[in-house]
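Good morning, and thank you for the time. I would like to take the group through one model, beginning with a single side chain and then widening the view.

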Amino acid sequence: MRSPKDHETSQLHVDAGLQPERTDLAWIRTTLALVVVGAIFLRWVPHYGWFAGALVAAATMISITINMTRKHRFHRGSLGIRNERMPADLISTFFVASSVVVLAAAGVFTVLFLPLQ
Amino acid sequence: MPKAEPSRETGEGSGSGRRRFETRILAGGTEPDPRFTLANERTFLAWIRTSLAMLAGGIAVEAFTTDIFAPDIRKTIAVLLLSLALIIGGGSFFRWLNIERAMRHKAPLPLPAIAPVLAAGGAIVALVFIAFVLMRQA
């Protein structure tokens with residue numbers, strides 16, 4: 001089992017290009033964009049009711065999930081650079097892309113098929 | 001600098017079913033330089049944010065233009081933007097996957113198919129917008 005100190009040293013890497021940090025910031029910007037999308041969805045709530053509320057909750061939950069797994073991804077990137085070996089993050093990319101597709105599809109469904117209240 | 005065994009260092013279960021599944025999706029090959037993998041991930045995220053901007057635009061048109069456009073016009077622009085968000089969002093994953101596969105086989109990187117889709121889609125939405133604004137003034 002790793003001690004907290006081991007965990008701290010495992011965050012260190014030798015990449016002068018600061019790749020893990022830049023990637024982490026890209027993820028943060030993505031969560032912020034998701035929060036903005038959720039906030040604009042709020043404007044639909046008076047017109048489309050609970051379904052629009054569910055979209056707000058979904059966008060917020062996706063954003064929170066990405067934020068909660070940030071440390072894991074940074075750790076993975078740092079270790080990857082240090083060991084010169086890192087598997088691609090298939091699950092994170094698929095999760096985010098499919099979430100955006102579902103949000104957009106739900107938006108199209110709402111505009112086309114749900115009656116204005 | 002301490003160094004553990006590679007399987008543990010990658011943070012994944014060694015030889016697990018998940019790893020085998022991932023390798024199969026990524027179409028074999030060998031892992032590229034981690035810097036390239038991270039660069040691919042950031043490019044993917046930039047596409048996702050572009051998709052999210054389209055999504056936010058579509059939602060905003062539907063929410064904020066009730067006093068400006070007739071319902072049909074409003075819905076047309078909103079659905080165009082939301083559909084574009086859907087295509088770019090889905091396409092960005094396949095772009096990421098195709099780049100990762102090419103890098104694993106040291107092949108030339110594929111051209112971005114979603115770039116012309118974004119350019120054409122953006123142009124169509126802008127033209128529709130201009131047409132409706134002009135029609136409204138006439």
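Is Arg85(A) buried, partly exposed or exposed? Its relative accessibility is 34%, so Arg85(A) counts as partly exposed. On this scale, buried means under 20% relative accessible area, exposed means over 50%, and partly exposed lies in between, with a 1.4 Å probe and protein chains only.

Before I continue, a word on conventions. This is a predicted model, in which local features need pLDDT of at least 70 and side-chain atom pairs count only at pLDDT 80 or more, while totals for chains, interfaces and linings use all residues. Residues are numbered from 1 along each chain as its sequence is written, chains are lettered from A and ligands numbered from 1 in the order in which they are written, and side-chain values use heavy atoms, with hydrogens and water left out.

Let me return to Arg85(A). Its side chain forms a salt bridge with Glu31(B), with the closest N and O atoms 3.7 Å apart. The term salt bridge denotes a side-chain nitrogen of Lys or Arg within 4 Å of a carboxyl oxygen of Asp or Glu. Across the interface of chain A and chain B, that rule finds 2 salt bridges, and over all chains the count comes to 7.

A second example is the salt bridge between Arg76(A) and Asp89(A), whose closest N and O atoms are 3.8 Å apart. Here distant parts of the chain are linked: Arg76(A) belongs to helix α5 of chain A, and Asp89(A), 13 residues apart from it, to the loop between α5 and α6 of chain A. Helices are DSSP runs of H or I with at least four residues, strands are runs of E with at least two, and both are numbered from the N terminus. Arg76(A) and Asp89(A) are both buried. By contrast, the Arg85(A) pair joins two chains, because Arg85(A) lies in the loop between α5 and α6 of chain A and Glu31(B) in the loop between α2 and α3 of chain B.

Asp33(B) is partly exposed, at a relative accessible area of 27%. Through shared partners, salt bridges join Glu84(A), Asp33(B) and Arg35(B) into one network.

I turn now to the interface as a whole. In contact, meaning heavy atoms within 4.5 Å, are 51 residues of chain A and 49 residues of chain B. Between them the two chains bury about 4,800 Å², 69% of it on carbon and sulfur atoms; this is the accessible area (1.4 Å probe) that two parts lose on being put together, summed over both. Of the area that chain A buries against chain B, Arg85(A), Met86(A) and Leu90(A) supply 13%, more than any other three residues.

Leaving out residues up to four places away in sequence, Thr23(A) touches Leu38(B), Glu41(B), Arg42(B) and Leu45(B). Thr23(A) and Phe74(A) are 51 residues apart in sequence, yet 8.0 Å apart in space, C-alpha to C-alpha.

Next, the nonpolar core, defined as a set of buried Ala, Val, Leu, Ile, Met, Phe, Trp, Tyr and Cys residues joined through side-chain atoms within 4.5 Å. The largest one has 57 residues, of which Trp44(A), Leu55(B) and Ile77(B) touch the most other members. At least two residues of this core come from each of α2, α4 (50-68) and α6 of chain A, and from each of α3 (34-64), α4 (71-104) and α5 (114-137) of chain B. Setting aside neighbours within four places in sequence, Leu55(B) is in contact with Val37(A), Leu103(A), Ala104(A), Leu82(B) and Ala85(B).

For chain A overall, there are 6 helices and 0 strands, and 48% of its 117 residues count as buried.

Finally, the backbone. Most residues other than glycine have a negative phi. Ala27(B), in the loop between α2 (17-25) and α3 of chain B, has a positive phi near 65°. Lys106(B), in the loop between α4 and α5 of chain B, likewise has a positive phi, of about 55°. Ala27(B) is partly exposed at 36% relative accessibility, whereas Lys106(B) is exposed at 69%.
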